[in-house]
Amino acid sequence: MFIRGGILFRSTVLGEIPGVRHGFSGRDGGVSVLPHTRSLNLTVDLGDPPEIVRTNTDIFCRAVSEDRFGAESGVKAHQIHSARIRSLSSADAGEGAVREAGEDCDGFVTDAPGVLPMIRTADCVPILFAGLKEDGRPVIAAVHAGWRGTASGIAAGAVDALRERGCSLSSVRCAVGAHIGFCCYEVGEDFVQSVASLLGHGFAARHIRPVPGAPAGSKPHADLTGMNRELLLLSGLTEEQIDVSPDCTMCAHPALYYSHRRMKGVRGTQGAGIVIL
Ligand SMILES: [Zn+2]
């Protein structure tokens, strides 16, 4: 279950991992004043001055970490719709948040305390993970799963990354933040073909279909929630280990989330962040 506290939404399932804090932001709580970025935009080059985004990043990191860490702990990368997950050490803290970004990627994994990986989205799927090593120490991961990343298996890649760092599969918890829902995600034939070529026609048919009651000839809608849930279950997680936000970024109250489709590309980004204390 997702619960709103202050400016963040938090997952009760992911919250079961001790020593880890996480959160998903919406539009509220920041200092951006432009109509399309108001108010907690976390990305530069969308219209806000860099110092505004830096202040928002600090607000976000402090909220996620319950005031233990600020922007100097944040890590943002340029996201490229890949399945690439980078491993972070404490030396990477601040990359893309208070200094130049590191290598492009769409996910992070780390067991270093005080490093706060951030994923930024405006309809794509943000997913946060945490698990425990045998000695009880946590490992965290965060991924950006647009449809390409989803179909390339980035969610399962995060589970693999946690296991490679010594987490037992049964200890892993994951939270899928607000993203564009099946209700709103109309797609074209090229999308269907791409998903089918990557994951098979059966997978595509299960998750890309007409909306019930739609007039004949309507374009199908894609279910990114269902796709990621199926891929996470295939990676070995159980339903109980997966928490999913019920919100659609496009049709939830417009004041709540940035949506690339609803705002026709002129928008800010919300964030998903996680950190080991
Ligand atoms: Zn919707």
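The points below take up the metal site and then the sheet with its helices.

1. This is a predicted model, and in it the zinc ion is coordinated by the SG atoms of Cys 183, Cys 184, Cys 248 and Cys 251, at 2.3 to 2.4 Å. The angles among the four donor atoms run from 104 to 119°, and the site is tetrahedral; for comparison, the ideal angle for four tetrahedral donors is 109.5 degrees.

2. Along the sequence, the donor residues follow the spacing C-C-x63-C-x2-C. Because Cys 184 sits in the loop between β10 (173-176) and α4 (189-199), while Cys 248 sits in the loop between β13 (242-244) and β14 (270-276), this pair ties together parts that are 64 residues apart in sequence. Cys 184 and Cys 248 are both buried.

3. Six strands form an open sheet with mixed pairing, in the order β5-β6-β9-β8-β10-β13. Its edge strands, each pairing on one side only, are β5 (85-87) and β13, and from one strand to the next the twist averages 15°.

4. Within this sheet, β8 (residues 125-132) and β9 (residues 138-145) are paired in the antiparallel sense over eight bridges, and Phe 129 is found opposite Ala 141 in β9.

5. Two helices deserve a look against the sheet. Helix α3 (residues 154-164) lies across β5, β6 (107-110), β8 and β9, and runs at about 165° to β9, whereas helix α6 (residues 224-234) lies across β8, β9, β10 and β13, and runs at about 175° to β13.

Methods. Residues are numbered from 1 along each chain as its sequence is written. This is a predicted model: local features need pLDDT of at least 70, side-chain atom pairs count only at pLDDT 80 or more; totals for chains, interfaces and linings use all residues. Side-chain values use heavy atoms; hydrogens and water are left out. Donors are N, O and S atoms within 2.8 Å of the metal (3.2 Å for Na, K and Ca); water is not among the atoms, so sites may look incomplete. Four donors count as tetrahedral if all angles lie between 85 and 135 degrees; four count as square planar and six as octahedral if opposite donors are over 155 degrees apart and all others between 65 and 115; anything else is irregular. Helices (H or I, at least four residues) and strands (E, at least two) are DSSP runs, numbered from the N terminus. Buried means under 20% relative accessible area, exposed over 50%, partly exposed in between (1.4 Å probe, protein chains only). Two strands pair if DSSP finds at least two bridges between them. Axes are lines fitted to C-alpha atoms, for helices over the stretch in contact, and angles run from 0 to 180 degrees between N-to-C directions. Contact means heavy atoms within 4.5 Å.
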